[in-house]
Amino acid sequence: MIMKSLRSRRFLALAAALTVVGAGLTGCGGSDSDDSGASGTAPIRALLAAQPATLDPIVGARSAQIVWATMLEPLINTGSDLAPTNTGLVTSWTRTDATTWTFKVRPDVSFSNGEKADAAAVANTITLTRDSAASQLKSYFGNVTAIEAPDATTVVVKTKTPQYDIPDLLTTVYLVPPKYYQEKGSEGFAAAPVGTGPYVWSGANAGRDISVKRNPDYWGTKATNEGVTFTWANEAAQRLALIQSKSVDVSFDLPPAQASAAKSAGVEVVSTETAMKIIAFLDSTKAPFDDPKLREAAALAIDRDAIVKGIFDGQAVADAGLLNVKPGQQPTQSVTADAAKAKELLGGATPTVQITYPAAQYTNIEEVSQAVGGSLEKAGFKVSYVPLDYGTLVKRIVGRQVPGLSIFAGVPNVAVPDYFVSGFMKTKSITGNCPDPQIDTLAQQALEQNDAQQAAPLYEQLNTIGVVQKHCYVPLYRQVFNYATGPGVSGVVFGPLNTVDFTKATR
């Protein structure tokens, strides 16, 4: 009876999801007549794994940019190599001197509400990013001392000490209209975002869907389709069922099992190796990992190759480095699993380790956490598990309240090593799990180099210190992101930095 009741509830949940998606698409994505257009420009029905927490890019996690980036644009675009390009709102930049960057802003661009998207707007957005208390990128702009707009197409950014990666950082700063943002505040802006992008806000049904429509006045190449309607389903089985039933046009974030099932059913599945990597963080400031020998034992016990093979059936990429942020890169030095040596280092001791992880946040994270714990137990550790919702985990990490080992993703919004150095390695980083004056000094020296090529040896040294010598970080794997598209759907492009371009999508 219990099993039958559980199956019934799952069926009802799936039926409800189908109903909600259908209702949402009717209410916000257009009527059935939209589907019959021979032009192939009907709105795209996109299914996400979770509802975006906020559509304010100043304070929001980048997982929500799949929605807001349809309406808002980054200050600087990136190319296929993930490096900055001159194709976006900022068209050029020069390093006037060691601590001064000058940027040229594309002329004659306006926000969809009529405000000018000029240099003053760019300067205001950078200032908000640096100064807003809840800014997600606040720490990355702490070295910026002045942001000025001497004319309508020029922005001058000054730093206290040299910083070579300012243009890279601007690739993840999304332009917001100054007057509208000030008037509405963060919550008001998130309720109806305004930007310069290829789509504009169309509406939302609370807790059900969000819709955008094509921006007829977009300064660039206009979208092929009429818009995008976003819905969400937390369970992977629901996302698979909805794409198979043709209730949606694209279903994002399918775990390997669902991706394989979709392929077997003849559904088109696209797999992309991303820059997002899952990492085990060992807190060197608290027991038991304040003991360097125990950190080394844990690092040697964990077998990333076994995790990729056993849990993901090869549909993930084992990654032994922390600062190799672009797909395809590997560090020059790494740690190879050695269960016997791990057990030897413990010498018969049985230290207790708490493993904390964000429940249901990442593909197969429960199984991954259990696999890490199992490896530690074989070495002699006693393991306990603490699953938390993602928001609670982040708050506890920032508050230095997570002892032992924590597992979560590192997502480089910007494909430069300092994104992880400043985020995870420096004493004043988000995690703060490996404070070391040598790391702080090398991090500063790396930023003061003329360019990424000159900084590369310093980042290799930092990776070696954090991963190979101090064992504060145990990189596990890069995620391979799977998404499925319905019959006749094409042109949806997912990028390795977790970005999606819908502008060429048709159905």
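Leaving aside its neighbours within four places in sequence, which residues is arginine 239 in contact with? Before the reply, a word on the source: this is a predicted model, in which local features need pLDDT of at least 70 and side-chain atom pairs count only at pLDDT 80 or more, while totals for chains, interfaces and linings use all residues. Residues are numbered from 1 along each chain as its sequence is written, and side-chain values use heavy atoms, with hydrogens and water left out.

**Arginine 239**

With those neighbours set aside, arginine 239 is in contact with Leu47, Leu48, Ala49, Ala233, Asn234, Ser251, Phe252, Asp253, Leu254 and Pro255; contact means heavy atoms within 4.5 Å. Arginine 239 belongs to helix H6 (residues 236-244). Helices (H or I, at least four residues) and strands (E, at least two) are DSSP runs, numbered from the N terminus. A polar atom of the arginine 239 side chain lies 2.6 Å from the backbone oxygen of aspartate 253. Phenylalanine 252 is 13 residues away from arginine 239 in sequence and 7.7 Å away in space, C-alpha to C-alpha.

Buried means under 20% relative accessible area, exposed over 50% and partly exposed in between (1.4 Å probe, protein chains only).

| Residue | State | Relative accessible area |
|---|---|---|
| Arginine 239 | buried | 4% |
| Threonine 431 | buried | 7% |
| Threonine 464 | buried | 9% |

Threonine 431 sits in the loop between helix H13 (418-425) and helix H14 (437-447). Beyond its neighbours within four places in sequence, threonine 431 is in contact with Phe281, Ile397, Arg400, Phe408, Gly423 and Phe424. Threonine 464 has its place in helix H15.

**Helix H9**

Now to helix H9 (residues 304-312), whose buried residues are Arg304, Ile307, Val308 and Phe312. They are on the same side of H9, because they cover an arc of only 95° around the axis; the arc is that of the directions from the helix axis to the C-beta atoms. On the other side of H9 you will find Asp305, Lys309 and Gly310 exposed. The cover over the buried residues of H9 includes helix H7 (256-264), strand E11 (316-318), helix H11 (365-379) and strand E15 (473-485). Just after H9, aspartate 313 has a positive phi of about 50°.

**Helices that pack together**

Two packed helices are described by the angle between their axes and the distance between the axes. Axes are lines fitted to C-alpha atoms, for helices over the stretch in contact, and angles run from 0 to 180 degrees between N-to-C directions. Angles under 35 degrees count as roughly parallel, over 145 as roughly antiparallel, 65 to 115 as roughly perpendicular and the rest as oblique.

The axes of H9 and H11 cross at roughly 140° and come within 11 Å, so H9 and H11 are oblique to each other. Ile307, Ile311 and Phe312 of H9 make this contact with Glu367, Val368, Ala371 and Val372 of H11.

H14 and helix H15 (residues 452-469) pack at about 160°, with axes 9 Å apart, and are therefore roughly antiparallel to each other. Among the residues making the contact are Leu442 and Ala443 of H14 and Leu458 and Leu462 of H15.

Notes. A polar contact is a pair of N or O atoms within 3.5 Å; within protein, one must be able to donate a hydrogen and the other to accept it, and residues adjacent in sequence count only if both atoms are side-chain atoms.
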